[in-house]
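Please read the numbered points with the sequence and the model side by side.

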Amino acid sequence: MPVNILLTFIIGSILAWILIKITKTPPHLQGLVIGCCSAGNLGNLLLIIVPAVSMESNSPFGDSTICSTNGTTYASLSMAVGAIYIWTYVYIIMRIYSDKSAEDTDTNQPISDSESYKALLLSRKNSGSSGCSKEDELPLTISGEKLTVMEKIFQSVKKFTAKINLKMVLAPATIAAICGFIIGTVSPIRILMIGDSAPLRVIDSSASLLGEATIPCMTLIVGSNLLRGLRKSGVSVSVIAGIVAVRNIFLPIIGIGIVKAAHHLGMVESDSLYQFILLLQYALPPAMTVGVIAQLFEAGEGECGVIMLWSYALSALSLTLWSTFYMWLLQ
């Protein structure tokens with residue numbers, strides 16, 4: 001499942017790059033387009049759809065109680081893995097495009113006489129101290145090639161980490177996912193916290209009680225974000241249509257081929273419910289977290305509202321059709 005979710009992000013990014021080239025998307029919206037095409041709503045929508053489908057009397061997934069429990073587990077795992085990918089993969093990409101757009105804007109702005117005079121003085125000052133900088137670099141060449149290589153590696157790592165905001169990467173959803181993985185995989189901790197006879201079961205029950213309020217809260221957040229789509233925005237119709245086509249047509253079709261190929265190669269078991277979850281991960285609308293990231297960078301907030309409005313309005317129909325087709329395919 002983590003590999004499948006990663007593939008949805010990578011393939012969505014590739015399709016978004018093609019969409020950007022075709023529609024000639026403005027630079028300040030390119031990161032938003034990639035985020036909307038790559039990150040699907042793996043959270044509350046899966047937690048709503050999967051248990052509801054599993055509880056149907058004519059469900060193709062077997063016993064309704066067992067399928068509902070397993071479906072909720074699969075959906076929760078998807079939400080946890082998706083949160084990690086969004087705040088690492090998508091966040092970094094949108095930040096890079098936001099910084100690039102800001103740099104292009106700054107270079108296109110006219111420079112006043114006072115600013116050019118300050119720049120001239122600064123360049124003269126730097127040229128006057130160039131001898132000191134050469135002397136500082138001299139020990140690196142004397143100390144040998146190994147130190148020079150290590151210095152280059154250190155600078156590359158430093159440049160890469162400078163692009164990453166650990167406070168954003170370690171968002172509450174990411175920390176919760178990591179804690180959940182630790183509790184679920186470490187047997188002593190799981191015995192202490194999970195189960196009716198566990199000594200610390202109050203922690204599990206309290207977390208479950210808070211988690212039950214997540215779906216209605218997320219629904220309210222979705223509604224408030226979609227309200228921005230009613231306002232005027234500068235995003236073109238071709239970009240919106242392209243994002244809708246990527247999320248509702250191209251990604252689901254590609255997902256069928258990937259999941260079927262993985263099943264044929266023995267990488268996925270014959271559990272029809274599990275395959276249904278894997279297929280559904282390709283057919284979801286954009287994640288609302290993309291709007292949060294757009295707000296953080298102040299890039300395309302209004303445009304994001306328009307994209308989310310149309311994506312979620314059309315996803316009601318597309319999700320119904322794809323869910324029906326997937327259940328027929330897995331019978």
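1. In which helix is the place of Ile34? Ile34 is placed in helix H2, where helices are DSSP runs of H or I with at least four residues and strands are runs of E with at least two, numbered from the N terminus.

2. The model is predicted: local features need pLDDT of at least 70, side-chain atom pairs count only at pLDDT 80 or more, and totals for chains, interfaces and linings use all residues. Residues are numbered from 1 along each chain as its sequence is written, and side-chain values use heavy atoms, with hydrogens and water left out.

3. The protein chain has 16 helices and zero strands. Of its 331 residues, 38% are buried; buried means under 20% relative accessible area, exposed over 50%, and partly exposed in between, with a 1.4 Å probe and protein chains only. The chain exposes about 19,100 Å², and carbon and sulfur atoms supply 67% of that area, computed by the Shrake-Rupley method with a 1.4 Å probe, where for residues only the protein chains shown count as cover. Among contacts (heavy atoms within 4.5 Å) between residues at least 6 apart in sequence, 80% join residues at least 24 apart.

4. Helix H1 covers residues 2-23 and contains Trp17. Trp17 has a relative accessible area of 48% and is therefore partly exposed. Together with Leu6, Ile10, Ile14, Ile18 and Ile22, Trp17 makes a nonpolar surface patch of about 560 Å². Patches are made of residues with over 30% relative accessible area and no salt bridge; like charges are joined within 9 Å, and nonpolar side chains (Val, Leu, Ile, Met, Phe, Trp, Tyr) within 5 Å. A salt bridge is a side-chain nitrogen of Lys or Arg within 4 Å of a carboxyl oxygen of Asp or Glu.

5. Lys24 sits in the loop between H1 and helix H2 (27-38). Its phi is near 55°, a positive value in a residue other than glycine. Lys24 counts as exposed because its relative accessibility is 72%.

6. H2 is mostly covered, with 10 of its 12 residues buried; among them are Leu29, Leu32, Val33 and Cys36. From first to last C-alpha, H2 reaches 18 Å, close to the 16 Å expected at 1.5 Å a residue; the expected span is 1.5 Å times one less than the number of residues.

7. Is Ile34 buried or exposed? Ile34 counts as buried because its relative accessibility is 6%. Not counting residues up to four places away in sequence, Ile34 touches Ser13, Ala16, Ile20, Ile93 and Tyr97.

8. Val290 belongs to helix H15 (residues 289-297) and counts as buried, since its relative accessibility is 0%. Leaving aside neighbours within four places in sequence, the contacts of Val290 include Leu32, Gly35 and Cys36, which are also listed as buried in H2. Other contacts of Val290 include Met94, Cys304 and Met308.

9. Helix H13 (residues 237-264) has 28 residues and should span 40 Å at 1.5 Å a residue; its end C-alpha atoms are 39 Å apart, which agrees. Gly266, which follows H13, has a positive phi near 80°.
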